[in-house]
Amino acid sequence: MNFHILTLFPDMVMGGLGTSITGRAMESKTISVEAIDIRDYSKDKHRHVDDAPYGGGAGMVMQPGPVCEAYEALCGRIGRKPRLIYMTPQGRVFNQTIAEELAKEEDLVFLCGHYEGIDERALELIATDYLSVGDYVLTGGELPAMVMIDCISRLVPGVLNNDASAEEESFHDSLLEYPQYTRPEVFRGMEVPEVLLSGHHKNIEEWRRQQSIKRTLERRPDLLEHASLTMKEVKYLDSLRREKGDLEILEEYIDQYVKSLNDEASAGRTKRKAMAAAKKLLAEKACTVRELQGYFKVMGMLAGD
């Protein structure tokens, strides 16, 4: 796969992408990345590519000529007109689904704006897609382009040492990735889950799947709407939702208990420790959530007397 980046700062993007996984993929020619300096297509002897906006306003606007000519020269060189993606906070927010779609292309062009943006006429002529990395403004499009290229590259066969990794990472199948562990087995009293040490691959796969569902519910519940779940997994998710409701009630009782201590200076730390202890007891199945709710309800009443 070939990535072409139209930019005013070629060293910035090549320096960032030339390391780690994308750097190794470039060395092995699994992917190719080139940064095209838009200034090379300036007609100005000082290589200026910007000018004041018509109608007035702050900042400068990139001129259409150098941008269009940089793209057209690339098209002439490779013999086709590839998709050109303009980096802009006005575009669709980039996600894994879009990455999977773009990974099917042979060539992708990323256009990085700067200053107050690019003359609209250039965009009307050459842009095919408008993408964003979020609802905030950056100095230029280089960082978003690097983020997207890194993400898309991981989906290109041969880029990752283990191609299965791309299938199991966060957002695949609209679920976040399960927790990962490595040596030592015990770290500061915290043990690796026993199932991962069992060697029972079916149980490990089921545990990981359940953990992905649980983590998604905790951190990105909006993703679950599009997740592909079996009937068994749907029942597991329903049980988690009921448990989550119980935990919210438990947290309310812990809040009441902490407030009854009348120690505002350490209230946050006390609550975190109480919640962590409660979750540990639940994970060890040492008690039920209802028993913990009753305990903290009584403790709050006693402390308030």
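Modeller: The UniProt entry, which is unreviewed, places the feature "binding site" at Gly113, Val133, Gly134, Asp135, Tyr136, Val137 and Leu138. The coordinates themselves come from a predicted model.

Take two of these positions, starting with Val133, which sits in the loop between β7 and α6 (142-153). Is Val133 buried, exposed or partly exposed? Its relative accessible area is 25%, and buried would require under 20% while exposed would require over 50%, so Val133 is partly exposed. Neighbours within four places in sequence aside, Val133 touches Leu138, Pro144, Val147 and Met148. Leu138 is itself one of the positions in the UniProt feature.

Gly134 also lies in the loop between β7 and α6. Its relative accessibility is 10%, and because the limit for buried is under 20%, Gly134 counts as buried. Within β7, Tyr130 is the residue opposite Tyr86.

These strands belong to an open sheet of five, ordered β2-β1-β6-β5-β7, with parallel pairing. Its edges are β2 and β7 (129-132), each of which pairs on one side only. On average, neighbouring strands in this sheet are turned by 35° against each other, direction ignored. Strands of a sheet pair through backbone hydrogen bonds, in either a parallel or an antiparallel way.

Now follow β1 (residues 2-7). Six bridges join β1 to β2 (residues 32-37), and the two run parallel. With β6 (residues 107-111), β1 pairs over five bridges, also in the parallel sense. Asn2 shows both pairings: its bridge partner in β2 is Ser32, and its bridge partner in β6 is Asp107. Strand β1 is mostly covered, with five of its six residues buried.

Helix α3 (residues 64-78) is another element to look at. Its 15 residues reach 22 Å from first C-alpha to last, close to the 21 Å expected at 1.5 Å a residue. The buried residues of α3 are Pro66, Val67, Cys68, Ala70, Tyr71, Leu74 and Cys75. What covers them includes β1, β2, β4 (61-62), β5, β6 and α5 (120-126). After α3 comes Gly79, whose phi is positive, near 80°.

The nonpolar interior comes next. In soluble globular proteins, nonpolar side chains tend to be buried together. Here the largest nonpolar core has 27 residues, and those with the most contacts inside it are Phe3, Ile31, Phe94, Phe110 and Ile152. Two or more residues each come from β1, α1 (10-17), α2 (20-27), β5, α4 (96-102), β6 and α6. Helix α6 gives the largest share, six residues. Apart from this core lies another, of 21 residues, among them Leu8, Met62, Cys68 and Ile126. Cys68 is also one of the buried residues of α3.

Setting aside neighbours within four places in sequence, Ile152 is in contact with Met1, Phe3, Phe94, Ala99, Leu102, Ala103, Leu108 and Phe110.

Methods: Residues are numbered from 1 along each chain as its sequence is written. This is a predicted model: local features need pLDDT of at least 70, side-chain atom pairs count only at pLDDT 80 or more; totals for chains, interfaces and linings use all residues. Side-chain values use heavy atoms; hydrogens and water are left out. Buried means under 20% relative accessible area, exposed over 50%, partly exposed in between (1.4 Å probe, protein chains only). Helices (H or I, at least four residues) and strands (E, at least two) are DSSP runs, numbered from the N terminus. Two strands pair if DSSP finds at least two bridges between them. Axes are lines fitted to C-alpha atoms, for helices over the stretch in contact, and angles run from 0 to 180 degrees between N-to-C directions. The expected span of a helix is 1.5 Å times one less than its number of residues. Contact means heavy atoms within 4.5 Å. UniProt positions are given in the numbering used here, feature names are shortened, and annotations may be inferred rather than shown by experiment. A nonpolar core is a set of buried Ala, Val, Leu, Ile, Met, Phe, Trp, Tyr and Cys residues joined through side-chain atoms within 4.5 Å.
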